Amino acid sequence: MKQEPLLSAFTRLRDSLLSMSRRILQDEDDATDAIQEAFCRLWPLRGKIRDEQEASALTVTTTRNLCIDRVRQKSRFTEYDPECFDTKDNEANDSGNEMAERFQTVKRLIDSKLTVGQRTILELRDLRGYEIDEIASLLDMQPTAVRMNLSRARKTIREQYKKLNAHDR
């Protein structure tokens, strides 16, 4: 049976995988989910895995990479909260107001200068952390079209923002 090395590796390594995942993700539920997702990703490959040593290596690497991806997705973009700045402190208030203004400017540019498709792709990628292939699947597009639209959207926002800042000086 070809599936035995994978099952055996997961069973044997479950505690150490959970420990590693907990350490990376800092959350018990996320750690358990990452291990389960790793198993689900490797299951279709079970017939190609030759022995338990290979299964162990794949299991550890896949779980670790999934955990790192989850951390990156969480930290990729946190939505701006203008109330996070202390309004009593003038220095913090000045930098907070400046950041709030920048955020609002970029938000207005996104709403006014991008097509609906570009806004959707930008939101899915940069705000929600979806991968290009996931976005392509959701929107029934080719991954290259998603990349192109994302690139054009970012370029448009960058150029429009520079134009606005050039006029303010």
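**A tour of charged side chains**

Begin by selecting R102 and E98, which both lie in helix α4 (residues 90–113), 4 residues apart, or about one turn of the helix. This is a predicted model, and in it the side chains of R102 and E98 meet in a salt bridge, with a distance of 2.3 Å from N to O. R102 is partly exposed, at a relative accessible area of 42%, and E98 is also partly exposed, at 42%.

Stay on helix α4 and select D111 and K107, which are likewise 4 residues apart, about one turn of the helix. Their side chains form a salt bridge at 3.9 Å, N to O; D111 counts as partly exposed at 43% relative accessibility, and K107 counts as partly exposed at 40%.

How many salt bridges does the structure hold? The count is 9, and another one to display is that between R12 and E52, whose closest N and O atoms are 2.7 Å apart. Because R12 lies in helix α1 (residues 4–25) and E52 in helix α3 (residues 52–76), this pair ties together parts that are 40 residues apart in sequence. E52 itself is partly exposed, with a relative accessible area of 28%.

Finally, select R152, K155, R158 and K162, which form a positive surface patch. K155 is found in helix α7 (residues 143–168), where this lysine is partly exposed, with a relative accessible area of 45%.

Notes
Residues are numbered from 1 along each chain as its sequence is written. This is a predicted model: local features need pLDDT of at least 70, side-chain atom pairs count only at pLDDT 80 or more; totals for chains, interfaces and linings use all residues. Side-chain values use heavy atoms; hydrogens and water are left out. Patches are made of residues with over 30% relative accessible area and no salt bridge: like charges are joined within 9 Å, nonpolar side chains (Val, Leu, Ile, Met, Phe, Trp, Tyr) within 5 Å. Accessible areas come from the Shrake-Rupley method with a 1.4 Å probe; for residues, only the protein chains shown count as cover. A salt bridge is a side-chain nitrogen of Lys or Arg within 4 Å of a carboxyl oxygen of Asp or Glu. Lys and Arg count as positive and Asp and Glu as negative; His and the chain ends are not counted. The place of a charge is taken as NZ of Lys, CZ of Arg, CG of Asp or CD of Glu. Helices (H or I, at least four residues) and strands (E, at least two) are DSSP runs, numbered from the N terminus. Buried means under 20% relative accessible area, exposed over 50%, partly exposed in between (1.4 Å probe, protein chains only).
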